[in-house]
Amino acid sequence: MRTGNLANVAEQARDKIDSRLTERGRATRERILRAAVDMMYVKGVSSTTLDEVRAASGTSKSQLYRHYPDKDALVRDVVALQAAELLERQHQLLKRLNSLRGLERWRDALIEHNALRNGAYGCPLGSLASELADQDEEARKAIARHFDTWEGLLDAGLERMKDSGVLRVDADAGELATGLMAALQGGYLLAQTARDVKPMRIALDMAIGHVKAYAVLAEDVNPPERGAGGR
């Protein structure tokens, strides 16, 4: 199982802060990181400069460079924090997934959240992947691990559905989880370019429809008694 311990993952990302920092230093670093997360999500990593982060966070150059000597160091922490918080939200949505209706509720929550921006900016993790995966090998590996964890949450839920008899035993939970994730990320991209979440809903509905193809039919669970019907 690939989910790991997600309960404290966001806090663990924050705890990367140097333990020698004072409370004031920690607050300054958090302010810089928060400003960078927000700006890089909206503007993109390449279009966000350290000077812009410094201005948005209300810090001096000496404060900024004390905590982040270069942009690469800041980007690494942005990836870690953005992923940690996203995965914690997904953990809350998926930790008890054990039904097709639960899968639909997960879809609805994602679409409703993305609709607040009319699809703009895309997936927080996917947007980072599109910019960094071919430019920064360390970032690519980190993002791949985060996607693996996210997909693992879906995989675990689908396995529970198999164990409880919702899905047939021949359903490959890993492949179905990959299909759901691919539909989700493709849906985010189409919604982003269209400024409309409809393509995202269609993509997820099709992926969930494929999962439903493995659903155990009622008559498979409770076959009719001999002689019942047909008269």
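Q: Why is R195 called partly exposed?
A: The model is a predicted one, in which local features need pLDDT of at least 70, side-chain atom pairs count only at pLDDT 80 or more, and totals for chains, interfaces and linings use all residues. Residues are numbered from 1 along each chain as its sequence is written, and side-chain values use heavy atoms, with hydrogens and water left out. Buried means under 20% relative accessible area, exposed means over 50%, and partly exposed lies in between, with a 1.4 Å probe and protein chains only. R195 has a relative accessible area of 45% and is therefore partly exposed. This residue is found in the loop between α9 and α10 (198-212), and R195 has a positive phi of about 55° although it is not a glycine.

Q: What makes N118 partly exposed?
A: The relative accessible area of N118 is 48%, so the residue counts as partly exposed. N118 is found in the loop between α6 (100-115) and α7, and its phi is positive, about 55°, although N118 is not a glycine.

Q: Which elements make up the protein chain, and how many helices and strands are there?
A: The protein chain has eleven helices and zero strands, where helices (H or I, at least four residues) and strands (E, at least two) are DSSP runs numbered from the N terminus. Of its 231 residues, 46% count as buried.

Q: Why are α8 and α9 called oblique to each other?
A: The axes of helix α8 (residues 137-163) and helix α9 (residues 173-194) cross at roughly 125° and come within 8 Å. Axes are lines fitted to C-alpha atoms, for helices over the stretch in contact, and angles run from 0 to 180 degrees between N-to-C directions. Angles under 35 degrees count as roughly parallel, over 145 as roughly antiparallel, 65 to 115 as roughly perpendicular and the rest as oblique. The two helices, α8 and α9, are therefore oblique to each other.

Q: What residues make the contact of α8 with α9?
A: Contact means heavy atoms within 4.5 Å. On α8 the contributors include F147, W150 and L154, and on α9 they include L180, L184 and Q185. The residues of this contact divide into ten nonpolar, three polar and three charged, where Ala, Val, Leu, Ile, Met, Phe, Trp, Tyr, Cys and Pro count as nonpolar, Asp, Glu, Lys and Arg as charged, and the others, Gly among them, as polar.

Q: Why is A144 called partly exposed?
A: A144 has 37% relative accessibility, so A144 counts as partly exposed. A144 is found in helix α8, and its C-alpha atom is separated by 8.4 Å from that of A129, 15 residues apart along the chain.

Q: How do you know that helix α7 is mostly covered?
A: In helix α7 (residues 124-132), seven of the nine residues are buried, among them P124, G126 and A129. What covers these buried residues of α7 includes α2 (23-43), α5 (71-94), α8 and α9.
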